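Here is a briefing on one protein structure. Keep the sequence and the 3D view open while you read.

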Amino acid sequence: SKDTMISVAQSLAQIYENYPTSDVNEYMWKNISSAVIDTPVLMEPIIPVYVASLTGVHLQTGDTVQLGGYLIEQIITKLWKIRKDDKNSEEQEGNKEASNLVLCMCYLYNFGLIHSVFMFDIVRSFIDSLSELDIELLLLVLSHSGYSLRSDDPLALKEIVLAVEKKQDTRSQIPMSSRTEFMLACMTDLKNNKRRKKDTVFSERTVKLRKFLGQIKSDTFRSSDSTCLRIRLHDILTVETKGRWWKVGASWIGNQFKHVSDDERNSKESINPKASQNEDELLKLATKCRMNTDSRRSIFCIIMGSTDCDDAFEKLVRAGMLKNRCERDCVRVLMECCSSEKNHNPFYSFLASRLCDYQPQCKFSFQLAFWDFFKQWDNTTHRKSANLAKLLYHLVAVHQSLKMSMLKTIDMSNLEETATIFLTILFSSLFELTDDQDKVRQLIKHGISRSQGSEGEEDRLRENLSVFFLQTLKSSPKNKKKSLFRSNLKVAIKVCETSNLEDTMLVNKQQDLENLA
């Protein structure tokens, strides 16, 4: 019941601590199947409570159990089997098993466990065949999740309505059934935001159950984004050949030849003999670059074997390399690959910015990685310093994921040659490639501005930058009259001197106030 839903979810979550995860997931599925799915009647009042309880278990157990992914896979597999049997059989059975399965999917979506893209994939699949069973299932989706789908993606819903009308036009010779007419009327009302009384009752029930789930989320400190499984219908239907990329820890090499004969397999290998050869070469190169863990070797092969930045980013996300602290390895491997290039490749800069946008924790990981690099000037080559300086320029000036204040750990009183090269290329890129002087002023000012608890470090950074600008960059051959480099350099020097003067005036003012007191 609704009153005991939270306590039931907590008790079920505790079972995983004493028994194997796979066994508990299997018995959970058997329980919900026997209770609300394998029945001759439609279980509309009970299914929302059952699904809400299991969603609560998923929220509490998280990635360690991944009950939600298991339930989705079982529901879709069983539903597609029923649809296939329905197409092959001439008699129309009165079993409501398929309807109950669709209701489970609707409420998994309503409670935020799956994304709207997944539900639209299911709806499109129903429209493609549009049998009597599919029409019945479509009506259930529209009644229980229609307005949520409309608010999440109204454009996709519009495309669905047009697809149904187009499908019906192609079947104009076949007389339209009353159920089909009712479905079209429901879609039109949904598109026009015209609510039916029955739909309002379903929405109110969903809102009440979401409040209970909100309590569980607040207790487990989980956000809605972290619990939503962003998978597609195609991913579920091809798990036997493509694996479960969304499952944490489910390392999968490839099973694409499981249902292929030996002759076909040999022919595919003969058509593309370079694929396996390239993978072997990447693994050897990963070992040569001191990628000493499986995670780092996998990330290295993904980054170095990708066609472009988008391809690399999508593969890293699909492989689960940007969560559960794996982003640290991504950052380290990316910087190692970037520093090993003969010339700086902008590919690494754009990929680094994509990682910071997707996973904010990557910003701190980049900062720590650069701080470690600043401690190793003696063991750093000139090329490595130049490549990483251009990478840092992109992250600080172009994408603004990092701040100039991270340079405070560099001891500029006695710079090594590699450190001088690093800072020279960093600020030369900033002064040469930035047209807006206000942007240069803000970057320097925010980098040297005082923050609570680090006044001494910021003062030292301002003084060090001022000395570096005057002694090193002022004598640079790029510092020519009327050049963009010279104008931006003057702005940077003025910011350092002005900030120092403002701090001195502030200290004097405070001393005067103390004397008056």
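Leaving aside neighbours within four places in sequence, Thr418 is in contact (heavy atoms within 4.5 Å) with Trp377, Thr380, Thr381, His382 and Ser385. Thr418 is found in helix H22. At 6% relative accessibility, Thr418 counts as buried.

This is a predicted model: local features need pLDDT of at least 70, side-chain atom pairs count only at pLDDT 80 or more, and totals for chains, interfaces and linings use all residues. Residues are numbered from 1 along each chain as its sequence is written, and side-chain values use heavy atoms, with hydrogens and water left out.

**Overall make-up**

- The protein has 25 helices and 0 strands. Both are DSSP runs numbered from the N terminus: helices are H or I with at least four residues, strands are E with at least two.
- Of the 517 residues, 44% count as buried. Buried means under 20% relative accessible area, exposed means over 50%, and partly exposed lies in between (1.4 Å probe, protein chains only).
- The protein exposes about 28,400 Å². Carbon and sulfur atoms supply 50% of that area. Accessible areas come from the Shrake-Rupley method with a 1.4 Å probe; for residues, only the protein chains shown count as cover.
- Take the contacts in the protein with a separation of 6 or more: residues 24 or more positions apart account for 73% of them.

**Helix H23**

- H23 covers residues 437–448, 12 residues in total. At 1.5 Å a residue it should span 16 Å, and its end C-alpha atoms are 17 Å apart, which agrees. The expected span is 1.5 Å times one less than the number of residues.
- Val440, Leu443, Ile444, Gly447 and Ile448 are buried in H23. These residues cover an arc of only 115° around the axis, which puts them on the same side of H23. The arc is that of the directions from the helix axis to the C-beta atoms.
- Asp436 caps the N-terminal end of H23. One of its side-chain oxygens lies 3.1 Å from the backbone nitrogen of Asp438.

**Salt bridges**

- Side chains of opposite charge can pair when their charged atoms come close.
- The count comes to 14 salt bridges. The rule asks for a side-chain nitrogen of Lys or Arg within 4 Å of a carboxyl oxygen of Asp or Glu.
- Lys30 forms a salt bridge with Glu26, with the closest N and O atoms 3.5 Å apart. Both lie in helix H2 (residues 21–37), 4 residues apart, about one turn of the helix. Lys30 is partly exposed at 45% relative accessibility. Glu26 is partly exposed at 34%.
- Asp329 and Arg296 meet through their side chains in a salt bridge (3.1 Å, N to O). Asp329 lies in helix H18 (residues 327–340) and Arg296 in helix H16 (residues 294–305), so the pair ties together parts that are 33 residues apart in sequence. Asp329 counts as buried at 18% relative accessibility, whereas Arg296 is partly exposed at 25%.
- Lys478 and Glu432 form a salt bridge, with the closest N and O atoms 3.1 Å apart. This pair links distant parts of the chain, 46 residues apart. Lys478 sits in the loop between helix H24 (455–471) and helix H25 (484–516), and Glu432 in helix H22 (residues 417–433). Lys478 is partly exposed at 36% relative accessible area. Glu432 is also partly exposed, at 36% relative accessibility.

**Individual residues**

- Ser99 lies in helix H5 (residues 97–110). Ser99 is buried, with a relative accessible area of 2%. Not counting residues up to four places away in sequence, Ser99 touches Leu42, Glu136, Leu137 and Leu140.
- Ile135 is found in helix H7 (residues 132–152). Ile135 is buried, with a relative accessible area of 3%. Not counting residues up to four places away, Ile135 touches Leu130, Arg179, Thr180 and Met183. The C-alpha atoms of Ile135 and Thr180 are separated by 6.7 Å, although the two are 45 residues apart along the chain.
- Ser203 is found in helix H10 (residues 197–220). Ser203 is partly exposed, with a relative accessible area of 26%. Its C-alpha atom is 9.3 Å from that of Asn110, 93 residues away along the chain.

Note on methods:
A polar contact is a pair of N or O atoms within 3.5 Å; within protein, one must be able to donate a hydrogen and the other to accept it, and residues adjacent in sequence count only if both atoms are side-chain atoms.
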